[in-house]
Amino acid sequence: MNDRVLAMIVSALFLIGAGQSAYPQTSGSAESQSVSTPEPRPIPDPFLAPVHYEGQLCHWVRGIFEDSRGDLWFGTNHYGVMRYDGDTLEYFGDTKGVVGGRISGIAEDTGGNVWFGTDGGLTKYDGKSFTRYSISDDKIDNGVWGFAIDRDGLFWVAHTKGVYQFDGEAFTYFPIPKARISDTTSIISYDRASCIMQDRNGTMWFGTDGFGICKFDGKTFSHLTTADGLCDNNVSSLMEDEEGRIWIGTMFGGLSRYDGKTFTNFTKDGQVAGVEVGAFYEDKNGDIWFAAENHGVYRFDGESFTNLYKDAGLETNGILSILEDREGRFWFGGWMGLFRYDGKSFSPVTKDGPWE
């Protein structure tokens, strides 16, 4: 077994996480700074994975999102989603309608509904209850890896078997062509779409599991691969910044940035460390944040990269999501739960906070 195949196996286990939630979630009464959790089983359950500190919220925080009401949502493995509304931290799992333990995306539509990508398809929260929309009756076929809502309100879903469109009622398979490459080794699935985004021009970008990037401008498809200068064909994350540049995280090649004509490969150029990159975020100052597996997080101020890791108090080796909320608080989620950054150092967020 060569090193690349072994790395793919390890990466696949990390990407899949723990899958479905095994335990029901119920909610209790809400008080100021209270926590609503299931009884009698604890969250997190040490049976599933180690608990690293007292009050740990969960094993993995996969996604962080702030809705139009100012509520903070945290997607997890095992336990569905958590919501902090300014007073109460509440867990929503299987018994509340959030079916699927791995939350792979969170977004809000123009009607104020909050949507979640899960192992069970898509789930909508209308402010009162959760509604599940399943792509297939086969549990294995419901693996959503991310989704985007385009400017017309159409959902584009990155799925284990490719790309689906969702109009709010039904899913339609949207076949995308594969690039012609010599090495077709995939981590999870030969057909998997790993991430999706729409750029400012309306073009859809699809990250793939071993076939680079596929683009669709509404009429034609095109590809970007290592033959064009991309650092790796196993794409994990995509983001367009305010200047229209595309930031690309990969599983084995690190970080690329595309300006519409050429690629800059920061990892291969030696400016950043870590070959597995993702969790892109652009803050209010225009700084670009991202995570590098086993190397903490980076901040790019337009000129240089600053690495923040154990010297800054970040104990986890795997950050999966980053958010600056409307009050200027920085949140980081990943393995070992949720963390805050105060501009100098990181601290874990427990069930007692810090929230404010």
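Strands are DSSP runs of E of at least two residues, numbered from the N terminus, and two of them pair if DSSP finds at least two bridges between them. The model is predicted: local features need pLDDT of at least 70, side-chain atom pairs count only at pLDDT 80 or more, and totals for chains, interfaces and linings use all residues. Residues are numbered from 1 along each chain as its sequence is written, and side-chain values use heavy atoms, without hydrogens and water.

- S7 (residues 114-118) and S8 (residues 121-125) run antiparallel and are joined by five bridges.
- Gly117 has Leu122 in S8 as its bridge partner.

**Aromatic pairs**
- There are 46 aromatic pairs (Phe, Tyr and six-membered Trp ring centres within 6.5 Å; planes under 30 degrees apart are stacked, over 60 edge-to-face, the rest tilted).
- Trp73 and Phe92 form a tilted pair, 6.0 Å centre to centre with 35 degrees between the planes.
- Trp73 is in strand S3 (residues 72-76) and Phe92 in strand S5 (residues 88-92), so the pair ties together parts 19 residues apart in sequence.
- Both Trp73 and Phe92 are buried (under 20% relative accessible area, 1.4 Å probe, protein chains only).

**Charge over ring**
- The charged end of Arg102 sits over the Trp145 ring, 4.1 Å from its centre (CZ of Arg or NZ of Lys within 6 Å of the ring centre and within 35 degrees of the ring normal).
- The charged end of Arg192 also sits over the ring of Trp145, 4.5 Å from its centre.

Key. Helices (H or I, at least four residues) and strands (E, at least two) are DSSP runs, numbered from the N terminus. Buried means under 20% relative accessible area, exposed over 50%, partly exposed in between (1.4 Å probe, protein chains only).
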